[in-house]
Amino acid sequence: MAAEPAALPSFLVYGAGAVGSFLGAQLALNAVVTMFTRPALRRSIAKEGIRLQLPDGTTVRHMHAVCSLEDLTTPPDYVLLTVKAYSVAEALPDLQRLAVQGATIVTLQNGVGTEEYLRVNDIQRLIAGSFTISVSNDDGVVRQETTKGGLVLSPIEDLGATVDTLQAVLNRSGIPVFRSPDVRQMKWSKLLLNILGNATSAILATDPGAIFADPALFRLERQAFIEALVVMAAQGTTPQALPGFNLPLICQAMRLPEWISRRLIAPRIAKGRGDKRPSLWLDLDSGRRQTEIDWLNGAVVRAAEPLGIPTPVNRTLTRLVTELANDPTRRAEYAGHPKALLRAIEGL
């Protein structure tokens, strides 16, 4: 008698932004996928599916969508948490309920702090993730911007076959998966990538390529990056390579004399970012008072304080992004005015 085929793993993608929609659409061919999203988007997904533009063509993927846990018929095996870091607290009651039902939570937030927050709130079955594939969501089309990148997974505790199954189904779905044994090293390495051309770009409303081409602004970016490297070293952590990004090599380049460093790094940043606005710029444009800054440059500042390490550039960038989010009328003071930002740094 033939053995019954193994049941497909089930996923709840909690958050249907660009990353969540991309992952959900890719997984839909190899797993049972449910999207958790707002009512309007739920109706759109139910009616039209997710339109996915990949390097080799465009396709439409159809899947179930809900906007309440009450609409789930069975608990998922995995929850891909793809909301912004500032929305994790709002999602906590749902995540606690799903964890009690046996789901493994996979965190995919930028920056540092999400995993620690969930652990102190009694969620233990955690896999930290760092996603390095560039994707965007424009007019309902989820677009993969480049062919490079992948997903790094780092279990918070030993989850055995749970991680192996997750890696296997992601790989079958066209998402290259790598493993990291050190959660802190992985998350801080991704933070280094996330802070490049992010806060400065948001404050000045200027694309990262132009910022890195300007000697004075590159000096600011370089100092913020080196401040984060010093904090990492004081914590006993070193940068690791991430899919598509030779981060140790980038760090070496940043420590070279400034004119050499800019010549090596500026073209790569401009090419890597393309026309896509960085996350903090999108946060400010959204009109919300919350941004990811506290989990990025702000995380560098918080980690540095008990170590007695000065972080004047990261501190100023954190303060300014927060102030502009709270009072959008002040954005005109800095948009297109790099001297105003440089004065704010020099005045420390």
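## Exercises on a sheet and its helices

Strand β2 (residues 32–36) pairs with β5 in the parallel sense, over 3 bridges. Strands here are DSSP E runs of at least two residues and helices are H or I runs of at least four, numbered from the N terminus; two strands pair if DSSP finds at least two bridges between them. This is a predicted model, where local features need pLDDT of at least 70, side-chain atom pairs count only at pLDDT 80 or more, and totals for chains, interfaces and linings use all residues. Residues are numbered from 1 along each chain as its sequence is written, and side-chain values use heavy atoms, leaving out hydrogens and water.

**Exercise 1.** Work out whether α6 (residues 183–195) is largely enclosed, and what caps its N-terminal end.

*Solution.* 
- Step 1: count the buried residues (under 20% relative accessible area; exposed is over 50%, partly exposed in between, with a 1.4 Å probe and protein chains only).
- Step 2: 12 of the 13 residues of α6 are buried, so the helix is largely enclosed by the rest of the structure. Among them are Trp188 and Leu192.
- Step 3: at the N-terminal end, Asp182 is the cap, with a side-chain oxygen 3.1 Å from the backbone nitrogen of Arg184.
- Step 4: just after α6, look for Gly197, whose phi is positive, about 60°.

Terms used
A polar contact is a pair of N or O atoms within 3.5 Å; within protein, one must be able to donate a hydrogen and the other to accept it, and residues adjacent in sequence count only if both atoms are side-chain atoms.
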